[in-house]
Amino acid sequence: MKFLDHLEEWVIATLMGLATFIIFVAVVHRYLSGLPIPGLQDALIQINTSWAQELCIYMFVWMAKFGAAYGVRTGIHVGVDVIINRMNPAWRNKFVVFGLLAGALFTGIVGTLGARFVWEIGHTDQTSADLEVPMWLVYLAVPLGSYLMCFRFLQVTVAFLRTGHLPKHDHSHVEGLEEELTAEEKGAKA
């Protein structure tokens, strides 16, 4: 599971970083192309960055689908649970399990419908406007992200049934900070 967790985080971070970099380069290119500097303006106008916006849109779609699965795993999705939290524990637990299984069912259905759509579009010659990549590659984010989200809902359900706890995101937690503080304490004692 740790490999999948790290892969999920790596994909999200990489897509976010690359999209930011690509948009930055395209904006700088557009700005510098407008400056009336002979030679530089001519050279920059020859470089075509019209594909950058399309690529970034696709990257954000992939990022959102994998980010949604990450949100289920870490408990950062917004939920309205005022009524659920006021129920007695037996009823609360039943509603939580029902909600998690409903999420798994919904994302499983979306993944299956998405996979069918990708299969059908994969048998066509449709390509994207600027990048000219096959559209099935673009839409592949829907089944992959949805199935991963379905898996995460099932994973959280099993963990809840075992422990009675849902993942809760702590906004004040900084990963790796405990190890760093422990190392500093050991260094201070020596």
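A network of salt bridges links D5, E8, E9, R73 and R152. A salt bridge here is a side-chain nitrogen of Lys or Arg within 4 Å of a carboxyl oxygen of Asp or Glu. The model is predicted, so local features need pLDDT of at least 70 and side-chain atom pairs pLDDT 80 or more, while totals for chains, interfaces and linings use all residues. Residues are numbered from 1 along each chain as its sequence is written, and side-chain values use heavy atoms, without hydrogens and water.

The structure holds 6 salt bridges. R73 pairs with D5, with the closest N and O atoms 3.5 Å apart. This pair links helix α3 (residues 51-74), which holds R73, to helix α1 (residues 2-33), which holds D5, across 68 residues. Helices are DSSP runs of H or I, at least four residues long, numbered from the N terminus. R73 also bridges E8, at 2.9 Å from N to O. E8 lies in α1 and R73 in α3, so parts 65 residues apart in sequence are tied together. A salt bridge also joins E9 and R73, again at 2.9 Å, N to O. E9 in α1 and R73 in α3 are 64 residues apart.

Burial was computed for these residues as relative accessible area (buried under 20%, exposed over 50%, partly exposed in between; 1.4 Å probe, protein chains only). R73 is buried at 17%. D5 is buried at 10%, and E8 is buried at 1%. E9 is partly exposed at 28%.

How values were computed:
Helices (H or I, at least four residues) and strands (E, at least two) are DSSP runs, numbered from the N terminus.
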